[in-house]
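User: I'm new to protein structures and would like a close look at one part of this one, the sheet. Could you walk me through how its strands are put together and what surrounds them?

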Amino acid sequence: MIKFNLKCEQGHGFDSWFGSNEDYEKLHGRGLVSCVICGSCKVSKAVMAPRVKAESTAPDLREKPLLDDVGSNFAEEARKIHYGETPERPIMGQAKIEEARALLEEGVPVLPMGIKPKQVN
Ligand SMILES: [Zn+2]
């Protein structure tokens with residue numbers, strides 16, 4: 001079974017089920033496909049898949065941030081989360097290499113990202 005979005009000459013839009021595209025073509029050729037609203041036989045298939053967005057399907061990270069950007073408060077926030085002083089959530093931000101090292105030594109799970117080689121002593 002296949003569902004087509006149909007449209008008549010008057011612009012009425014409606015859905016109809018057919019066994020296949022061939023079935024539709026056959027019935028349509030005999031004038032057996034008619035508008036459910038006005039009964040017109042001059043119907044045509046509307047554009048399929050109306051749910052597909054024209055714009056990019058990439059998830060918009062700005063709408064729903066995966067990571068809470070805490071900026072330069074990273075070390076402080078990471079420590080608070082580790083010790084349960086603030087609700088647990090994934091965070092990101094900037095930390096000095098010694099801060100990151102201190103966190104790791106305390107057992108705070110941090111994942112260094114984008115550290116430039118020159119920052120490493
Ligand atoms: Zn119609």
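This is a predicted model: local features need pLDDT of at least 70, side-chain atom pairs count only at pLDDT 80 or more; totals for chains, interfaces and linings use all residues.

Analyst: The protein chain has three helices and five strands; helices (H or I, at least four residues) and strands (E, at least two) are DSSP runs, numbered from the N terminus. Residues are numbered from 1 along each chain as its sequence is written.

Now for the sheet. Three strands make an open sheet in the order S2-S1-S3, with antiparallel pairing. S2 and S3 sit at the edges with a single partner strand each, so one side of each has no neighbour in the sheet. From one strand to the next, the twist averages 40° (axes are lines fitted to C-alpha atoms, for helices over the stretch in contact, and angles run from 0 to 180 degrees between N-to-C directions). As a bit of background, strands of a sheet pair through backbone hydrogen bonds, either parallel or antiparallel.

Let's take the S1 and S2 pair. Strand S1 (residues 2-8) and strand S2 (residues 13-18) run antiparallel and are joined by six bridges; two strands count as paired if DSSP finds at least two bridges between them. Ile2, for instance, has Phe18 as its bridge partner in S2. The two strands form a hairpin with four residues between them, and Gly11 in the turn has a positive phi of about 90°.

On to the other partner of S1. Three bridges tie S1 to strand S3 (residues 43-45), again antiparallel. Here Lys7 is opposite Ser44, while Cys8 is opposite Val43.

Cys8 and Val43 also turn up in the largest nonpolar core, whose six residues are Leu6, Cys8, Tyr24, Val33, Cys35 and Val43. Such a core is a set of buried Ala, Val, Leu, Ile, Met, Phe, Trp, Tyr and Cys residues joined through C-beta atoms within 7 Å. Buried means that 20 or more other C-beta atoms lie within 10 Å of a residue's own, with C-beta atoms placed from the backbone (exposed is 12 or fewer, partly exposed is in between). Leaving out residues up to four places away in sequence, Tyr24 touches Phe4, Phe18 and Val33; a contact needs C-beta atoms, placed from the backbone, within 7 Å. Across the whole protein chain of 121 residues, 8% are buried.

Technical notes: Two residues are in contact if their C-beta atoms, placed from the backbone, lie within 7 Å.
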